[in-house]
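Here's a quick briefing to read alongside the sequence and the 3D view. Have a look at the fold first, then come back for the details.

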Amino acid sequence: MEITRGNTPEARQDETLLISRILGGQTELFRQLASRYAGQVLRMVARLIPSPEEAEEATQDTLLEAFQSLARFDARQASFPTWLMRIAYHTALKHYRQHQRTAPMIEVDPHWLNTISDDETDALLDDTAPDRVSLLESAITMLKPDDQMLLNLYYFDNRPIREISSIVERNESYLRSRLQWIRKRLAIIIKTLERNEE
């Protein structure tokens, strides 16, 4: 059975049929379903887990948990890819914490967040000069893992807030304000890193 690609009603219907067959005992078909999303899962977890071996392990753990939990999947609550990304999100955070990652941290006084304007934040984060991009990449690693994942889902994966809300299990208004807070925090970290380089 070949599943239709894409996020069309036909693709979702094919996926639902495939899941039904897997749950009906044709468990070998899960490999076909998993292969469709394994690359997406790997890209997501690799942003938080830079070691290729550990990212691959987290991907396999995600797919195994999806297989074991497939009976609990409810297409009325989320699409299969969104449900799978929720598992990947939690698996990546679990792997990250288990391996006690320690990135250098820059303390940001909460009052500083009120001193940087949205325009200044946008200018710092939208600058594509190589040295600024390098500082941005360093600053991202200094965020809490949850914030790194949220940033990746929204800005790098271009996922809509509604889908991210389902993946991270937080309401949309919280996510919007959190993303704004993360952007300001990143801008302050970049400014601090620039001062430290002087």
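Predicted model: local features only at pLDDT ≥ 70, side-chain atom pairs only at ≥ 80, totals over all residues.

The protein chain is built from nine helices, with zero strands. Much of the detail below sits around helix 2, which bends at Tyr37, a residue that also belongs to an aromatic cluster.

**Overall picture**

- Going along the sequence, the protein chain reads α-α-α-α-α-α-α-α-α.
- Of the 198 residues in the protein chain, 44% are buried.
- Take the contacts between residues at least 6 apart in sequence: 68% of them link residues at least 24 apart.

- Mean pLDDT for the protein chain is 87, and 89% of the residues score at least 70.
- Residues 1-6 are the part to watch, with pLDDT below 50. This stretch still has 21 contacts in the model beyond near neighbours in sequence.
- Among the elements of the protein chain, helix 3 (residues 52-69) has the highest mean pLDDT, at 96, while helix 1 (residues 9-23) has the lowest, at 82.

**Helix 2, bend included**

- Helix 2 covers residues 30-46, which makes 17 residues. From first C-alpha to last, helix 2 reaches 23 Å, close to the expected 24 Å.
- Where does helix 2 bend? The bend is at Tyr37, and it comes to about 45°.
- Several positions of helix 2 are buried, including Phe30, Leu33, Ala34, Val41, Met44 and Val45. Gln32 and Arg36 are buried as well.
- Tyr37 has a relative accessible area of 5%, so it falls under the 20% cut-off and counts as buried.

**Aromatic contacts**

- The structure holds six aromatic pairs.
- One of them joins Tyr37 and Phe80: the centres are 5.6 Å apart and the planes make an angle of 55°, a tilted arrangement.
- Why does this pair tie together parts that are 43 residues apart in sequence? Because Tyr37 lies in helix 2 and Phe80 in helix 4 (residues 80-98).
- Phe80 is also buried, at 3% relative accessibility.
- Tyr37 and Phe80 share one aromatic cluster with Phe73 and Trp83.

**Ala55 in helix 3**

- Ala55 lies in helix 3 and is buried, with 2% relative accessibility.
- Which residues does Ala55 contact, leaving aside its neighbours within four places in sequence? They are Leu42, Val45, Ala46 and Ile49.
- Val45, one of those partners, is itself among the buried residues of helix 2.
- The C-alpha atoms of Ala55 and Tyr96 are separated by 9.8 Å, although the two residues are 41 apart along the chain.

**Thr121 in helix 5**

- Thr121 sits in helix 5 (residues 118-126).
- Is Thr121 buried or exposed? At 2% relative accessibility, Thr121 is buried.
- Beyond its neighbours within four places in sequence, Thr121 is in contact with Ile116, Arg183, Lys184 and Ala187.

Technical notes. Residues numbered from 1 in each chain as written. Heavy atoms only, no water. Helix = DSSP H or I, 4+ residues; strand = E, 2+ residues; numbered from the N terminus. Expected span 1.5 Å × (residues − 1). Bend = angle between axes of the 7 residues up to and from the residue. Buried < 20%, exposed > 50% of the residue type's maximum accessible area, 1.4 Å probe, protein only. Contact = heavy atoms within 4.5 Å. pLDDT = per-residue confidence, 0-100. Phe/Tyr/Trp six-rings, centres within 6.5 Å; stacked < 30°, edge-to-face > 60°.
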